[in-house]
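Morning, everyone. Please have a look at the model on the screen, and then I'll walk you through a few of its contacts.

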Amino acid sequence: MAHKMVTSFRRSVSFTNPPSYISSKPRKTLHVRSTSLPCRSHPIISQLRDGISELTNSWSAAESGSRTSAWLCDGLRRLKAVHESLDDLLHLPQTRESLRRGAGGCSDLIEKLLEDFLRFVDVYGMFQTLVLRLKEEYSASQIAVRRKDDLKVAAHSKNLSKIAKEIGKLCSNFVSVGKLSAAAAGAPYDDEAELVDIINDVLNVTVSVSALLFGGISNSPAFRKPSCMGLGFGKKSKNLKFEAGIREFQAVNLENLKKKTEEEMKIASKKMHEIDDCILGIEFCGERAFRSLINTRVSLLNVLTQ
């Protein structure tokens, strides 16, 4: 696949409408470094831009009532696709060469990327662990509800609230992610600078999707007490919106179950089972996104070592 892409990019130039004198003096008019990167119309670049645009504009703009577990899973699948496209881009020889040089003269570019992706991998690893705990605790709470064991229900409710709070705090790990620069050495805005920009866009959209994922779960009544819903994520995250939880997770609050009638308890039990299935879906999609982050970081390491 990589060889076919190289064949197509060699025909590209940095002008959309080449001047007439290019054919007679090609070596003087072509931008020497522009051939080190894929053409801007390269299919992988287009896939990346489309995927980022969909996540930034349509997916993240969903109304509060439309923010369901299926919506979260769709976001994770889209995020996985974006990182798979970035991974494909990193396998192109011309991309690797550009990053080895340090785009725009910024010698620590790869190190910064490796640091950012290590942070993503660490955070999503923690998220997977917390979701597993959430699933186990919620399953145990269903048993306590069926047995009408109020003490155990209260204990599980407290544990769920603690886990949800930990999930919400994961966002604070992303404060330093991104902010790559190819202009440190006064380099002109060329194809290499554009590469840095698109990688920055991938980093930023990953942070945005993650914030909605973590905040959506953390701010849901199924796991948090009403008094804990006004979460503070610190000044650095004040522009992120966490006010809306996930719709299915608003259906049941363990604290209120002891006030329910027998018929209401049957309905609540059914909804709790549905919530259990939703958690499983999020766990599965989160795992796949997690793997795509690992693969991208491995590709970055290969750029540095091969």
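**Rings, helices and cysteines**

Ring pairs link Phe117, Phe120, Tyr124, Phe127, Phe174 and Phe214 into a cluster. Rings of Phe, Tyr and Trp (its six-membered ring) pair if their centres lie within 6.5 Å.

Before I go on, the ground rules. This is a predicted model, where local features need pLDDT of at least 70 and side-chain atom pairs count only at pLDDT 80 or more, while totals for chains, interfaces and linings use all residues. Residues are numbered from 1 along each chain as its sequence is written, and side-chain values use heavy atoms, with hydrogens and water left out.

Back to the rings. Searching the whole structure gives nine aromatic pairs. In one of them, phenylalanine 117 and phenylalanine 120 have ring centres 5.7 Å apart and planes at 75°, so this pair is edge-to-face. Planes under 30 degrees apart count as stacked, over 60 as edge-to-face and the rest as tilted. Phenylalanine 117 and phenylalanine 120 sit three residues apart in helix H6 (residues 109-146), about one helical turn. Helices here are DSSP runs (H or I, at least four residues), numbered from the N terminus. Both phenylalanine 117 and phenylalanine 120 are buried. Buried means under 20% relative accessible area, exposed over 50%, partly exposed in between (1.4 Å probe, protein chains only).

Now phenylalanine 174 and phenylalanine 214. Their ring centres are 6.4 Å apart and their planes at 25°, so the pair is stacked. This pair links distant parts of the chain, 40 residues apart. Phenylalanine 174 is in the loop between helix H7 (150-169) and helix H8 (191-218), and phenylalanine 214 is in helix H8. Both phenylalanine 174 and phenylalanine 214 are buried.

Next, two helices. At what angle do H4 and H9 pack? Helix H4 (residues 69-90) and helix H9 (residues 262-305) pack at about 15°, with axes 9 Å apart. That makes H4 roughly parallel to H9; angles under 35 degrees count as roughly parallel. Axes are lines fitted to C-alpha atoms, for helices over the stretch in contact, and angles run from 0 to 180 degrees between N-to-C directions.

Last, the cysteines. Cysteine 73 is buried, at 8% relative accessible area. Cysteine 285 is buried too, at 6%.

Key. Parallel < 35°, antiparallel > 145°, perpendicular 65-115°, else oblique.
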